[in-house]
Amino acid sequence: MNYDVIIIGSGVTGAGIARELSKYKLKIAVLDKASELPSGASRANSSMIHGGFDDKPGTVKAKFCVPGNKLWHKLKDELDVHLNECGSYVCAFNDKETKHLEELLEQGKANGAPGLEIISGVKLREKEPNVSSEIVAALWSPEAAIINNFEAVNALIESAKINGAELFLETSATGLLFDEKNNIRGVATNKGDFIAPVVINAGGVHAQEIAEWAGDTSFKIIPTKGEYFLLDRTTQGFIHSFLFSCPSKAGKGVTVLQTAEGNLMSGPTATEQEDPEDRSTTPEGLAEVLKGARRLVPDFPIRLNITTFAGVRANTESGDFEIGALKNPRGFVNVAGIKSPGFTSSPAIAEYVAELLKEELADRIKLIPNEKFIPERKNIPRFLYLDMEKRKELAKNDPAYAQIVCRCETVTEGQVLEAIRRGARTISAVKMMTRAGTGRCQGGFCCPRVAEILSRELNIPLDEITRHGGNSKLLVGKTKEFLLEKGAE
Amino acid sequence: MSNNKNIATPDGRQDVLIIGAGPAGVAAGIGAKKEGAENVVVLERDWDLGGILQQCIHPGFGLRTFREELTGPEYMHRFIKEAHEVGVEFRTNTMVFQIDKENNTVWTMNKERGIKCLNPKSIVLTMGCRERPLGAIRIPGTRPSGIYTAGTAQRFVNMEGYMPGKRAVILGSGDIGLIMARRMIWEGAEVEGVYEVMSWPGGLRRNIAQCLDDYGIPFHLKTTVTKIHGADRLEGVTVAEVDDKMTPIKGTERFIECDTLLLAIGLIPENELSRMAGIEIHPVTGGPVVNDLLQTSNPAVFAAGNVVIVYDLVDNVSDEGLIAGANAAKFAAGKISTDIKKIPVKGGQNVRLFSPQLITGEKDTIIYMRVTHPIEGACKVTAEPGLYTQRLRYARPGEMNEARIKASAVKANPNLKEIIVDVQPI
């Protein structure tokens, strides 16, 4: 299989680059080891589009954060994704922290972040009545926003696919291929060799290992776990925006936010660990989040919790993004260490990568504009948010839109079928593309129904359906067969 | 149950529109018709009638009502048959997804008919309840497949004919969990044990005996799951004993290998629609605040069964359904005055939750309640002032108690300001 460029990893970084490169006449392959997207750090994070005041001027992060923020405000329409343009507050509890807010304000100005303003605690509580009465001041960032990260990653990769890119799921890179001059020739995977003169490493927590295949040992990824609580959507409006604690040496600390879909959420912790795949929550981590949440929002309604989760971010030893083309071997580009503000920065990083290919790898890849590029991509209809006339029309044209599958989030069978048409193969894929199973019963009602639809549409037995690929089958066989097997033992 | 008629009537104004054809809804239909309502329609989102009882194929239903042990489907069949005989209309595959609080407009969807709205004269909410998910109790660990609420597993086994796993741990001792422990054994799986964080069982003693003891399934009180293991499929759980504050006790942790964790950690009334309709929800029961006519804070809307308060026995659910249906019919006929005096009920000693919360004294009524702590010895249920006293051999949170209130006793006391229900030792 011959391509112009192979992207390893289809998180927000890889998918974003794929979409950007699909603006050119290129044959693009995107590889991801997961069965559904997003799967890594892009799946489990704060879903924050940062205002751009947090990064030291001169860092790579600072370079991409504000431009990335601006791009998302545009992309949300092009890609039809939920972006809650609610702004954010950094909360100060004393004079020392208020002083720190001033530093952040100056830093933000230097980074080009617009509209930053320090407001009093009183003014903050007028906007957010449920925050702590002990907060004395807050840094308001009007351009900060909260995105539906599931939708965003799927929208980016769908848009790339509309424009010709090919996505290969359950395709795990196992090594790099080199030509006779020891330059990049492609990627070896569990599904065979993929050939291309340029390989982009967007491997997230695995980026260090992939870079080492190319002989690059210039950076070190430190997998860092962040744990979260997600609350029932009846908490909508308890907080309207995104609340940060004042950052300390330990990081940005625990935040409280209302997700793009209206759930109250809190997290993350920042625990360094060896294992890049350990996404388990811990008693200590969850206790820390709850403490942090209650500091900002004393009546944080934890009894309405519907799930806990953890994501693993690709921190780097340098603390900064690691982006660049290797001199040797030629054809290898790192886009690594993309952690906070990674989601925010990703569209700006993608544009930069396109420029990088033009400037530094012109001998290996030609970026000729694709005049047929279609920027727009339509989301799967979101029944919950449609007005009644639109709902009637959908149901009239396709009866599957008159059948509820997920009652918590009011997701119809029509949406599930459309997700399957767009490539969903697992319960989690349907969940991330439609939100079926993200509500208060966490799939208790819809999981068997989604499984039945997947089984019927894909023509595979019900007991072959998985939660999230691999060995995550929902069922272990038919009851009678199971008993017979048991008898035979 | 194939005797499901589905007569389409013109979408005029129904006298009584009932949402959900489980035991409460079917009984409400019968109650409304018997009270004389002309046009009584029950909407059901599933393709068949009966609600959750369709998948409850074990015996044990209807001991009070029919003095027989019926399976869930058999129990429902008797009510559905009667409902058809008295002329209740059922519309299956019809989901209510919105109720507008301004005018009680009910929005329905159905694959053949699309999206339609109805404007009934009265509504009965009979949506039942749902199971609490894992997230509600915040157990740390991974999130693999193989974790199901007991009811979801029951659907897979009894309705679809598939096994959720080979070796199960059951967390929580609600009745469905106990029933599923036995079902898993019957289907050839292993059940390592049932773990309950409280120091008393959540379900009925009868089910502990018949589903656990008879099959030698260990039952551990004051013990809970503290960690989930496994990336793709569940590989095991850690359990630990808890102290009186329900905090896991260090040193008591034990790893159990299993591929399935079934949850029976409580049921919550399903009230999305009630909230949309602007109906007052009780913070403790999780169901609508109702008076003894089973009327909610919206006078045209009645509610019955597990959507109001989670019952132990389906017989109670059917009883309440009949009452709500009859009163909804009366309301539709203009026979219920909107300014009836309502006396509030208060939970006194050792009463965690109760329903109804308001008493009109228009009819004899039963206040259903659950105790906070078990009393293993002689005790009594009382409704003060002097409305009811009943001696009991014991009182347990897993088994509801009742206070029977005579309308005549309420009417005889015109100065009655409140009714206090207590369960206390004697």
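In this predicted model, A:F53 is found in the loop that runs between β3 (48-49) and α2 (60-78) of chain A. Although a loop residue, A:F53 counts as buried because 26 C-beta neighbours lie inside 10 Å, where 20 or more are required. Setting aside neighbours within four places in sequence, A:F53 is in contact with A:L104, A:L105, A:Q107, A:G108, A:N111, A:A113, A:L116, A:L139 and A:S141. A further reference point is A:C65, which stands 12 residues from A:F53 along the chain, with 8.9 Å between the two C-alpha atoms.

From this single position the account may turn to the interior. In soluble globular proteins, nonpolar side chains tend to be buried together. The largest nonpolar core here comprises 283 residues. Those that touch the most other members are A:I6, A:I28, A:C91, A:I200, A:V450, B:V124 and B:A303. Helix α8 (residues 314-332) of chain B gives the most to this core, contributing 10 residues. The surroundings of A:I200 can be listed in detail: when residues up to four places away in sequence are not counted, A:I200 touches A:V5, A:I7, A:I8, A:I17, A:V333, A:V335 and A:V353.

The contact between the two chains comes next. Chain A supplies 44 residues to this contact and chain B supplies 38 residues. On the side of chain B that touches chain A, two or more residues come from each of β6 (95-100), β7 (105-110), β8 (114-118), β10 (129-131), α4 (150-160) and β12 (162-163) of chain B. Of these elements, α4(B) gives the most, with five residues. By class, this side of chain B holds 15 nonpolar, 11 polar and 12 charged residues.

Strand pairing also links the two chains. Strand β24 (residues 477-478) of chain A pairs with β12(B) in the antiparallel sense, over two bridges. Within this pairing, A:K478 stands opposite B:Y162 of β12(B).

Finally, chain B itself may be considered by domain. Chain B is divided into domain 1 (11-131 + 266-337), domain 2 (134-265) and domain 3 (340-426). The C-alpha centres of domain 2 and domain 3 of chain B lie 34 Å apart.

How values were computed:
Residues are numbered from 1 along each chain as its sequence is written. Chains are lettered from A and ligands numbered from 1 in the order in which they are written. This is a predicted model: local features need pLDDT of at least 70, side-chain atom pairs count only at pLDDT 80 or more; totals for chains, interfaces and linings use all residues. Domain bounds come from an automatic or database domain assignment. A nonpolar core is a set of buried Ala, Val, Leu, Ile, Met, Phe, Trp, Tyr and Cys residues joined through C-beta atoms within 7 Å. A residue is buried if 20 or more other C-beta atoms lie within 10 Å of its own, exposed if 12 or fewer, and partly exposed in between; C-beta atoms are placed from the backbone. Helices (H or I, at least four residues) and strands (E, at least two) are DSSP runs, numbered from the N terminus. Two residues are in contact if their C-beta atoms, placed from the backbone, lie within 7 Å. Ala, Val, Leu, Ile, Met, Phe, Trp, Tyr, Cys and Pro count as nonpolar, Asp, Glu, Lys and Arg as charged, and the others, Gly among them, as polar. Two strands pair if DSSP finds at least two bridges between them.
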